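This report goes through one protein chain, from single residues to the whole. Keep the sequence and the 3D view open while reading.

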Amino acid sequence: VAELAATRAVRPIFCGVPAPHCERPALNALTTTDREVYLDGIARFNEALKRAAAERKAGFLDAYGQTVGTDGTSNGERHIDHYHLQPNFLREILAG
């Protein structure tokens, strides 16, 4: 993506994965250990994506940072259900 963007003089913007809703049925079906591994994987993925975007001078929208609570799940402020974020989320995060 970065190479293709450079040939067209555009700067790509990547969006991280939001923290999962704490009441998501599949998340609550996991054992404590599996839940911790799953939540850690989401955090690590977002860290890696953010770092890769910075290394390639691409933009990064930190959906995880905007949605994560203290336990690694959603803080509940941006989700409208177990899966979806509020319709105005991207507009607000782009506005800074």
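## Loop residue A9

A9 counts as exposed, at 72% relative accessibility. Exposed means over 50% relative accessible area, buried means under 20%, and partly exposed is in between (1.4 Å probe, protein chains only). The location of A9 is the loop between α1 (2-7) and β1 (13-15). Helices (H or I, at least four residues) and strands (E, at least two) are DSSP runs, numbered from the N terminus.

Phi of A9 is near 55°, a positive value in a residue other than glycine. Most residues other than glycine have a negative phi.

## Basis of the model

This is a predicted model, in which local features need pLDDT of at least 70 and side-chain atom pairs count only at pLDDT 80 or more, while totals for chains, interfaces and linings use all residues. Residues are numbered from 1 along each chain as its sequence is written, and side-chain values use heavy atoms, with hydrogens and water left out.

## The whole chain

The protein chain has five helices and two strands. In sequence order the pattern is α-β-α-α-β-α-α. The C-alpha trace spans about 45 × 30 × 20 Å along its principal axes.

Of the 96 residues in the protein chain, 30% are buried. The chain exposes about 6,500 Å², and carbon and sulfur atoms supply 55% of that area. Accessible areas come from the Shrake-Rupley method with a 1.4 Å probe; for residues, only the protein chains shown count as cover. Among contacts between residues at least 6 apart in sequence, 60% join residues at least 24 apart. Contact means heavy atoms within 4.5 Å.

The 24 residues of α3 should span 34 Å at 1.5 Å a residue, and the end C-alpha atoms are 35 Å apart, which agrees. The expected span of a helix is 1.5 Å times one less than its number of residues. The buried residues of α3 are L39, I42, A43, N46, L49 and A53. What covers these residues includes β1, α2, β2 and α4 (63-67).

Just after α3, K57 takes a positive phi of about 55°, although K57 is not a glycine. K57 lies in the loop between α3 and β2 (59-61) and is exposed, at 65% relative accessibility.

## Strand residue F14

F14 is in strand β1. Is F14 buried, exposed or partly exposed? At 28% relative accessibility, F14 counts as partly exposed.

Leaving out residues up to four places away in sequence, F14 touches V1, L49, A53, A58, G59, F60 and L61. F14 and I42 are 28 residues apart in sequence and 15 Å apart in space, C-alpha to C-alpha.

## The nonpolar core

Which residues form the largest nonpolar core? It has five: L61, A63, L85, F89 and I93. A nonpolar core is a set of buried Ala, Val, Leu, Ile, Met, Phe, Trp, Tyr and Cys residues joined through side-chain atoms within 4.5 Å. Apart from neighbours within four places in sequence, I93 is in contact with L61, D62, A63 and Q66.

A29 and A63 are 34 residues apart in sequence and 24 Å apart in space, C-alpha to C-alpha. A29 is found in the loop between α2 (25-28) and α3 (32-55). A29 is exposed, with a relative accessible area of 64%.
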